[in-house]
Amino acid sequence: DENKSARFIAYYPNGKIDFSLVAPDGKKFAPQALPRDENGVLSLSTDIASFSGYVVRDAPVGEWQMILTRTDQGRAAIDVSTYVELDSPLHVELDSNLTPWRVGEPQTILARVNLNAMPPSEPARAARVTARIAQPASQPGAPFTFSELELFDDGKHNDGKTDDGVYGNTFVPAREGWHLATAQVLGSYFAREQASAFSIMADDAKLAPHATIEKRADELLIQTNIETARAGKYALYAEIKPLHADQIVARAFMPMRLDGGSQSVSMPLAIHHIPPGAYAVSLRLYNLEGAAFGLAPAVRVATFTRP
């Protein structure tokens, strides 16, 4: 498989190591204190960031070795993360436009495969494309659950035309929260994958479509109603844009704990720095249990004029 370049990375935040690299032909590249470029290999090490890496141009095919040698004389175990980034003409791209969704709402997961890079010996239909989806548990902090969804390029799974390199299938989320989808392409001699995070919105908290605003000298006091089916941690996000432009001139984020039921919430928003003109106020409600995710797209709730 042709590679444009390969990047070998090691990260060791609580210790010190020497990171060496051995090419398929046996040539060894040892760590250096300063960047160097030798035969198409650039290396960089820094103690400040506990990081070492190599960039190999036109990386040859074969088995590479990453050799890590501890140098800090410590006895306690240290954590080391290593990974390799490959730049290849043959790759998969997972459609990242996966948010916002709602629980129980069918949506299509799409993955694009560069069929032009597929060699003649590897028919496109011979590749198997799947999406492995990690779903959060019903209780914050509990393990994720995993499910596998096969993706098809047959024109029958919301994937567009047949044999166009776009693979798809329908996924129905069962619970709210952050999810992670990993698209994987498996051929007879290769594997490619890409991951993308997306959030699923719950229907148990809603923001009123309108709000009242009270203009003061240097701020707005925004008052809106929020209806929640259960108590929990939430946040209200507000932003101000010119009435006929898509430029944010002021914003605020207010975490809070809400009881179940309908309740009124007041939020101050500074406006002393924005110039005179007509503006729109938009609000968005976030759920903060476990990880912040939007419960709905931003809603324009009011307009005002700053003299």
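Visitor: Why is Arg7 called partly exposed?

Guide: In this predicted model, Arg7 has a relative accessibility of 26%, and since buried means under 20% and exposed over 50%, Arg7 counts as partly exposed.

Visitor: What makes Glu85 and Arg7 a salt bridge?

Guide: The closest N and O atoms of Glu85 and Arg7 are 2.8 Å apart, and because the definition asks for a side-chain nitrogen of Lys or Arg within 4 Å of a carboxyl oxygen of Asp or Glu, the pair forms a salt bridge. Glu85 lies in strand S8 and Arg7 in strand S1, so this pair ties together parts that are 78 residues apart in sequence.

Visitor: How do you know whether Glu239 is buried or exposed?

Guide: Glu239 has 10% relative accessibility, and because buried means under 20%, Glu239 counts as buried. Its salt-bridge partner Lys241, with the closest N and O atoms 3.7 Å apart, counts as partly exposed at 22%.

Visitor: What makes Asp95 and Arg112 a salt bridge?

Guide: Their closest N and O atoms are 3.8 Å apart, and because the cut-off is within 4 Å, the pair forms a salt bridge. Asp95 lies in the loop between strand S9 and S10, whereas Arg112 lies in strand S11, so the pair ties together parts that are 17 residues apart in sequence.

Visitor: Why are strands S10 and S13 said to stand at the edges?

Guide: The open sheet of five strands has the order S10-S16-S15-S12-S13. Strand S10 and strand S13 each have a single partner strand, so one side of each is left without a neighbour in the sheet.

How values were computed. Residues are numbered from 1 along each chain as its sequence is written. This is a predicted model: local features need pLDDT of at least 70, side-chain atom pairs count only at pLDDT 80 or more; totals for chains, interfaces and linings use all residues. Side-chain values use heavy atoms; hydrogens and water are left out. Two strands pair if DSSP finds at least two bridges between them. Helices (H or I, at least four residues) and strands (E, at least two) are DSSP runs, numbered from the N terminus. Buried means under 20% relative accessible area, exposed over 50%, partly exposed in between (1.4 Å probe, protein chains only).
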